[in-house]
Amino acid sequence: MSPSTQAMQRDDTQNPGMLWIKEGEALWQRKAGRAEQSCAGCHGEAARSMRGVAARYPAFDAALGQPLNLGQRINQCRQKHQQAEPWKRESQELLAMESYVGMQSRGVPVEVSDPRLLAFIERGEQRYRQRIGQLNLSCAQCHDDNWGRKLGSAVIPQAHPTGYPVYRLEWQGMGSLQRRLRNCMTGVRAQPYAYDEHEMVELELYLNKRAQGMPLETPGVRP
């Protein structure tokens, strides 16, 4: 990130992601679904009840026996408690709610410590190191072997997903970590996993494990 991009992220009056935060705040208070229930009706004030929550996702769901990311958990709550239709992946509403919940944990260290997640983390690491696509490249070859160098005009980062959902200047909008992962897969000419496929969630989980102890930055700003 250039100094100007860093400054944009750190100043809430300049960070364009705050527009999504404001929408998420409104959605938090709004009643929805056949249950006519709001998020606030169950959880109360988000600043208190959601503090630290996003830092622990993807998290293990005992009923399903697998990890869910934050967006999946939000939609699970919509269906189960509000009796409402789930929001579509990358929709304005879901990104706004993910951003709003994520912001309540800004500055909280990422925590991936549930022992039930170990097998899923291992599978995520395997995918991170697996060569894919017509270019026959792995995530590790860019983000472990060549971090700090440039790919075109962009500096290659170390794959720490602490700012998602992020506002990317390239997108002129907010996007999830899965959107960014799918971009990378397409970039190496591979068939990307579908949104919320278990392979994608396991890869998310491994990346969060790599970022263990780093503070969340939501909403991030990236080039």
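Predicted model: local features only at pLDDT ≥ 70, side-chain atom pairs only at ≥ 80, totals over all residues.
The secondary structure of the chain consists of ten helices and seven strands. Its radius of gyration is 17 Å, close to the 17 Å given by the globule rule for 223 residues, so the chain is as compact as a globular protein of that length. Along the principal axes, the C-alpha atoms occupy a box of roughly 50 × 40 × 30 Å. Of the 223 residues, 47% are buried. Among contacts between residues at least 6 apart in sequence, 65% join residues at least 24 apart. The accessible surface of the chain amounts to about 11600 Å², and carbon and sulfur atoms contribute 49% of this area.

Helix α10 spans residues 198–210 and contains 13 residues. From its first C-alpha to its last it reaches 19 Å, close to the 18 Å expected at 1.5 Å a residue. Ten of the 13 residues of α10 are buried, so the helix is largely enclosed by the rest of the structure. Glu 199, Met 200, Val 201, Glu 202 and Leu 203 belong to this buried set, as do Glu 204, Leu 205, Tyr 206, Leu 207 and Asn 208. The packing partners of these buried residues are the strand β2 (66–68) and the helices α5 (70–80), α7 (118–129) and α9 (177–187).

Gly 163 is located in the loop that connects β4 (154–155) and β5 (166–168). Its relative accessibility is 0%, and because buried means under 20% relative accessible area, Gly 163 counts as buried. When neighbours within four places in sequence are set aside, Gly 163 is in contact with Glu 217, Thr 218, Pro 219, Gly 220 and Arg 222. Gly 163 and Met 1 are 162 residues apart along the chain, while their C-alpha atoms are separated by 12 Å.

Arg 131 is found in the loop between α7 and α8 (139–143). With a relative accessible area of 46%, Arg 131 is partly exposed. Apart from neighbours within four places in sequence, the residues in contact with Arg 131 are Asn 136, Leu 137, Ser 138 and Gln 141. A distance of 9.5 Å separates the C-alpha atoms of Arg 131 and Val 188, which lie 57 residues apart along the chain.

Notes
Residues numbered from 1 in each chain as written. Heavy atoms only, no water. Helix = DSSP H or I, 4+ residues; strand = E, 2+ residues; numbered from the N terminus. Expected span 1.5 Å × (residues − 1). Buried < 20%, exposed > 50% of the residue type's maximum accessible area, 1.4 Å probe, protein only. Contact = heavy atoms within 4.5 Å. Rg over C-alpha atoms; globule rule 2.2 N^0.38 Å. Areas by Shrake-Rupley, 256 points an atom, 1.4 Å probe, with all protein chains shown as cover.
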